[in-house]
Amino acid sequence: MNDTVQSFPFDSPLQSWINMRIIIVLISILFPLGLLAQDDVMKGFSILDEGRYDEAYTYFTALEKENPDNVSIQIGYGRAMGLSGLAEEANLYFKQKLETDSNNVELQLNYAESMLWAKKTLEAKSYYEELIVRHPQNFVPYIGLGNAHSILRQYDEAMIQYKKAKELNPDLAYIDVQMNYADIGKAYLFLENGKFNSTVAVFERMLEKDSTSADAHLGLANVAFALTDFKEVDHRLDIISMDSTKKAMTSTLDTRLDRELSTQVTTTYKFLFDNNDNVQNSLNVGVRMPVSFRAAILLDYTRFDAKNEFIPERATIRYLKGGINFRTRRFDFMAMAGPSYGKWETEKGKDAFVLDSHLKYKAEGNHEFKLFANKKVYDYTTTLVNKEITYTDIGLEYSGKPIGNIGVFGQYIHTMYSDTNNRNLALLSLYTLLKQKPVLKTGINLHYITFEQEVPLDYYSPSKLFIAEAFFEWNSMADDSKDFGARIELVPGLIKENNTQFRTSYRGTAEMAYRPNTFIWFHARVTTGSYAAIESEGYNYWSIEAGFKCFFKSKIKNRASKMPAEFQ
């Protein structure tokens, strides 16, 4: 019901740049400040510039012991400390040095930068603004303020500061690099908000300047991945992989492409019981076999068992469906159909036809529309299996974020039962995303359901039903970079049936996933609650589910033959 935040597979240098290089004022900036006059200090800064931070830290530690009052050595020592992973310690070190030399511009600049290392971005931003007031003709604080804005993903503001720095020092190429990465950051922000055309425009401008830009090709690969155009993803990654220095950039996206084009086998076992003595267990095995960049064959088998303490016989239903899935840059079509076979233990079984199908359209701006039609057997209890009531759902869904972090999910379903009954269900879900990694969101669900006929002896079917729920979700499973993820959801609610008083409902879910490697996932889920009066009247239940998904590499994609020998 409530969508998971889309996780884009980019492994752009933007990320490592933010984490490491964005906040390094290049050694070339330090020359005009007169800090590299001594050969031994210059050697230390050269080690730093080469990215050998631990070695530089050891080197400057020895120098600092011998020359504790040398400002150049203090700066080298503090920078090496911070860049080797001791960010908090570096920030404290520069703060202490400023207490005894408060007017030293170089110490001020490095203290500001150390706040960025220590992830005190807002503090660093304020301090850089103070430095600009004190030293309006020094271009370095403008770069630092731009970097702070970039870390905060305020790329337009970052660009303003970089341009000011460029006016003060037009020959410094490093500023052009920062401006380029601010553009990349803005493009990925467009991508996360589903503004695919705007994202493409940024990367195409970069290719006009440099047709071999790995950043631009990787960005366009990520756009294609979001639009499920896997052939285009493969093409863009192929261009990058030809350059040995850029191969590492593609690793995350390449792995995800491998999974998308691999045969997937999913197995799930579910056990459910409630306080009305219903007991269910089911086993589902699903197979997805890609046959091209766009098409896949689908197979699905389910065995469902239900029993009740008051009814000695067990009911069993088996489903077997097969079908296809076809995806383009904007559309996703899926259709599966097949027979079901249901019976009580002592009775002859009966067949029914089941269907599962949808057509999705992904519009610009994270708006997705879905039409679907499904036909199933009403299988909640043993008595329902014996009655062999089938139902057909025809529905429409919308999901999107029309305003900022405010998300909307809407659904309408018209259900036709084989006993001539009809149901209409409308759902509106509104939520706000409080945090993206891990996902933290909260919102409300509003359901309105009507049945044309009330048949309480067959299944729960009130003429009118209104449900209002609040939900709270924390989810780290959306972060594909982690080996272990978890999700917790709490959903309290109120139910009003026909003209009765409101009564309470609840639902709680705890879920976890473990990925020992890229191509196998294990998951488990426990859910408890009331049925929210949709499946059954007022009963409480527990559901336990466990399963795994594994991927078998496909031969659809094979870039190895095109790659330089060192990558084969």
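Which residues do ring pairs link into a cluster? The close-ups below, all taken from a predicted model, start there.

**View A. A cluster of aromatic rings.** Here you meet Tyr57, Tyr77, Tyr93 and Phe94, which ring pairs link into a cluster.

**View B. Phe45 and Phe60 meet edge-to-face.** The ring centres of Phe45 and Phe60 are 5.5 Å apart and their planes stand at 70°, so this pair counts as edge-to-face. Phe45 belongs to helix 3 (residues 39-49) and Phe60 to helix 4 (residues 53-66), so the contact ties together parts that are 15 residues apart in sequence. Both Phe45 and Phe60 are buried.

**View C. Trp521 and Phe551 form another aromatic pair.** This pair is edge-to-face, with 5.6 Å from centre to centre and 70° between the planes. Trp521 comes from strand 15 (residues 520-530) and Phe551 from strand 16 (residues 540-552), so the pair ties together parts that are 30 residues apart in sequence. Is Trp521 buried or partly exposed? Its relative accessible area is 21%, so Trp521 is partly exposed, given that buried means under 20%. Phe551, with a relative accessible area of 8%, is buried.

**View D. Strand 11 and its two faces.** A friendly reminder before you look: in a regular strand, side chains alternate between the two faces of the sheet. Strand 11 spans residues 439-451. On its covered face are Val439, Lys441, Gly443, Asn445, His447, Ile449 and Phe451. The uncovered face carries Leu440, Thr442, Ile444, Leu446, Tyr448 and Thr450.

**View E. The neighbours of strand 11.** How many bridges pair strand 10 with strand 11? There are 12, and strand 10 (residues 422-435) pairs with strand 11 in the antiparallel sense. These two strands form a hairpin, with three residues between them. Within this pairing, Lys441 of strand 11 has Leu433 standing opposite. Strand 12 (residues 464-475) also runs antiparallel to strand 11, and 12 bridges join the two. Here Val439 has Asn475 of strand 12 as its bridge partner.

How values were computed: Residues are numbered from 1 along each chain as its sequence is written. This is a predicted model: local features need pLDDT of at least 70, side-chain atom pairs count only at pLDDT 80 or more; totals for chains, interfaces and linings use all residues. Side-chain values use heavy atoms; hydrogens and water are left out. Buried means under 20% relative accessible area, exposed over 50%, partly exposed in between (1.4 Å probe, protein chains only). Helices (H or I, at least four residues) and strands (E, at least two) are DSSP runs, numbered from the N terminus. Two strands pair if DSSP finds at least two bridges between them. Rings of Phe, Tyr and Trp (its six-membered ring) pair if their centres lie within 6.5 Å; planes under 30 degrees apart count as stacked, over 60 as edge-to-face and the rest as tilted.
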